[in-house]
Amino acid sequence: QVQLVESGGGLVEAGGSLRLSCAASGRTFSTSASGWFRQAPGKEREFVAAIYWSGGNTYYGDSVKGRFTISRDNAKNTQYLQMNSLKPEDTAVYYCAADSGRGSGWPLWLRAKYDYWGQGTQVTVSS
């Protein structure tokens with residue numbers, strides 16, 4: 001099992017920035033990729049960004065490209081999501097996710113690829 005704990009959410013004005021963190025623990029040796037999803041009230045959970053642990057390649061959802069940056073500190077087993085130029089439509093609960101290697105060939109934007117999820121952290125952007 002892998003445990004994921006997010007932190008860093010909060011309330012920010014439009015145009016502002018926030019940085020989310022996700023600390024991983026447990027049996028992370030088989031994990032090949034991790035990412036962020038978000039879910040706004042009444043909407044489906046949406047892919048935001050993901051990163052491969054080996055090589056560090058990153059991928060982003062179209063709605064956040066150029067504004068959000070995913071990164072990872074291997075020594076701390078922690079990933080981050082730097083969110084800049086925030087918009088009210090970015091308001092959502094943000095979830096950290098990690099795979100187990102089971103779906104190693106599956107696309108990063110696919111929810112089913114990820115076996116482990118954090119509890120979520122609320123991000124609210126006021127207009």
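Predicted model: local features only at pLDDT ≥ 70, side-chain atom pairs only at ≥ 80, totals over all residues.

Me: Which residues line the largest cavity?

Reply: The lining consists of Leu 4, Cys 22, Ala 24, Ser 34, Trp 53, Arg 72, Asn 77, Thr 78, Gln 79, Cys 96 and Ala 98. At least two residues of this lining come from each of strand 3, strand 8 (78-83) and strand 9 (92-98).

Me: How many cavities of 30 Å³ or more are there, and how much space lies in the largest cavity?

Reply: The count comes to 1 cavity of 30 Å³ or more. The space in the largest cavity is about 40 Å³.

Me: Let us turn to the chain as a whole. How many helices and strands does the protein chain have?

Reply: The protein chain has 0 helices and 11 strands. Its pattern along the sequence is accordingly written β-β-β-β-β-β-β-β-β-β-β. The radius of gyration is 14 Å, close to the 14 Å given by the globule rule for 127 residues, so the chain is as compact as a globular protein of that length. Along the principal axes, the C-alpha atoms fill a box of roughly 40 × 25 × 25 Å.

Me: What share of the 127 residues is buried?

Reply: A residue counts as buried when its relative accessible area is under 20%. By that cut-off, buried residues make up 45% of the 127 residues in the protein chain.

Me: How do strands of a sheet pair?

Reply: Strands of a sheet pair through backbone hydrogen bonds, in either a parallel or an antiparallel manner. Here, an open sheet of 4 strands shows antiparallel pairing in the order 1-3-8-7. Strand 1 (2-7) and strand 7 (68-73) stand at the edges with a single partner strand each, so one side of each has no neighbour in the sheet. From one strand to the next, the twist averages 20 degrees.

Me: How many bridges join strand 1 to strand 3?

Reply: Strand 1 and strand 3 (residues 18-26) run antiparallel and are joined by 6 bridges. As an example of such a pair, Val 2 has Gly 26 in strand 3 as its bridge partner.

Me: How many bridges join strand 4 to strand 9?

Reply: There are 6 bridges between strand 4 and strand 9, which run antiparallel. Arg 38 has Tyr 94 in strand 9 as its bridge partner, and Gly 35 stands opposite Ala 97.

Me: Is strand 9 mostly covered or mostly exposed?

Reply: Strand 9 is mostly covered, with 6 of its 7 residues buried. Strand 9 also pairs with strand 10 (residues 116-117) in the antiparallel sense, over 2 bridges; there, Trp 117 is the bridge partner of Ala 97. With strand 11, strand 9 forms an antiparallel pairing over 3 bridges, in which Ala 92 has Val 123 as its partner.

Me: Is Val 123 buried or exposed?

Reply: Val 123, in strand 11 (residues 121-126), is buried, with a relative accessible area of 0%. The C-alpha atoms of Val 123 and Asp 90 are separated by 7.6 Å, although these residues lie 33 residues apart along the chain.

Me: Finally, let us consider backbone angles in the loops. Which values of phi do Asn 77 and Ser 85 take?

Reply: Asn 77, in the loop between strand 7 and strand 8, has a phi near 55 degrees, a positive value in a residue other than glycine. Ser 85, in the loop between strand 8 and strand 9, likewise has a positive phi, near 50 degrees. At 42% relative accessibility, Ser 85 counts as partly exposed.

Definitions and conventions
Residues numbered from 1 in each chain as written. Heavy atoms only, no water. Pairing = 2+ DSSP bridges. Axes fitted to C-alpha atoms, helices over the stretch in contact; angles between N-to-C directions. 1 Å grid on protein atoms, 1.4 Å probe; cavity = no way out; pocket = protein on both sides within 12 Å on 5 of 7 lines; lining within 4 Å. Points joined across faces, edges and corners; volume = space filled by probe spheres on them. Rg over C-alpha atoms; globule rule 2.2 N^0.38 Å. Buried < 20%, exposed > 50% of the residue type's maximum accessible area, 1.4 Å probe, protein only.
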